[in-house]
Amino acid sequence: MNAGWGSWVPVPLALALAFLFALWPLPSAAAWLRPAVPALAAVYLGLFRPHQFSPATAWLAGLTLDTLSLSTWGATALTLAAASYCAQLLGRRLFAYTLVKQTLWVAVILGLAGFAGNVLQSFSLTAWPWWAVLGQALLTALLWPPLLYLSGRVSPRAALV
Amino acid sequence: MERIFVRPRGWGIRLTGLACLSLLLAYLQNSAGFAQRVDDAIITISAPLYRLLGAPRQALSALETNLVSGDVRAERGAELARQLLEAQYALQSLQVLEAENRRLRSLLGAAERQAAPAMLAELIGVSPDPARHRFIVDRGRADGVYIGQPLLDAHGLAGQVVALSEHASAVLLITDASFALPVQVVRNGLKLIAEGRGDLESLTLRHVANNLDLQVGDLLVTSGLGRRFPPGLPVAEVSTIKRDPRRPFAEVRAVPRAELTQNRQFLLISAPPLAAPEDL
């Protein structure tokens, strides 16, 4: 019973950390360089904990973040739901690739999800320029290998193979 | 045998449903009335969180202030004393001008202008989305803040209150892409519309004819039209003018006077004669 409860802890913990990263105050010049950590968390949880983190859960988490960040409702929600869905669609196929290719796949997922959310941002005239969405996706995808190492999913040697 | 290619069943349709729901929410947020009540509720929820997130920065700032050496403090004190003296001198000249202006207005039979009361407000949070220019300040409904109230810094207009909770309020900055306000050129009284463009460093002036008398360096102040802001608040300074004879309008940019990226202290001013809360 206790083990069952314990297995649920990583999901809210990962989301709380991602939210903290998304809301932490940064200087205005650096704000464009903030990685989309909640979307990365959605990809990670969608891959490793699909039974606990469905696209609907991702959507609700995104809506919470939209509320807290005074953003356009539904924009982050759609981004996280799309990221989680794409991750689940790709599933274990992703692990057949090398770490570099995995990173590129993650960048593609984050880019597609980011563009979907950005469409909604344009409703309140706050859409990001396309290069910023693309840049954020690439920058965030670079965090994929360290995330795998830190979570113990990949040994440091794997990257060299 | 475990499958490698797993397709989440039924989630394609559900994702489409979630996308439609997101679209609906984004639409509802931008429809008046409904959005105001929810925006107020959001500020109530998020203001304590922003206070919490800003606490380490404030603590560091306080520590930095306490750790500066006596020499630096004396230097800063001397600098502040010099600035105060300059401001007092400027105020003396202004008092003479104000008295003269009052006499002239009474001769012309014009209504007397009253100074708007101001309240100090401290910044407690900034929207983390760089495309959305919103501040959260530590004054709310309990302090008498109202929707539409102008926010200024020492140099000019910064924005306008758009959502309220009891002890905090959200301010839409003049640089936000959804913000527009009527302005006037101090030099010749020309009336224009300044719009935010999602860039903290610049505003754009719309529909400026190529032959209009506008120069780089012209100071733009609120015109008072639209009954949102009292007239005469400094807004921006014209920075570039691109005139192309093939186009009907010139492309004009202006730099906001308010230091939006540096200040933490602002003033909320009340302007009852022009903008009563119920009008807004």
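Buried area is the accessible area (1.4 Å probe) that two parts lose on being put together, summed over both. The views below come from a predicted model, in which local features need pLDDT of at least 70, side-chain atom pairs count only at pLDDT 80 or more, and totals for chains, interfaces and linings use all residues. Residues are numbered from 1 along each chain as its sequence is written, chains are lettered from A in the order in which they are written, and side-chain values use heavy atoms, without hydrogens and water.

View 1. Leu70(A), Trp73(A) and Tyr85(A) supply 23% of what chain A buries against chain B, more than any other three residues.

**View 2. An aromatic pair in chain A.** Ring pairs have centres within 6.5 Å; planes under 30 degrees apart count as stacked, over 60 as edge-to-face and the rest as tilted. Trp32(A) and Trp128(A) are edge-to-face, 4.9 Å centre to centre with 70° between the planes. Trp128(A) is buried at 12% relative accessibility, while Trp32(A) is partly exposed at 28% (buried is under 20% relative accessible area, exposed over 50%, partly exposed in between; 1.4 Å probe, protein chains only).

**View 3. A tilted pair in chain B.** The ring centres of Phe179(B) and Phe229(B) lie 6.3 Å apart, with the planes at 35°. Phe179(B) is buried at 3% relative accessibility, and Phe229(B) is buried at 3%.

Note on methods
Phe/Tyr/Trp six-rings, centres within 6.5 Å; stacked < 30°, edge-to-face > 60°.
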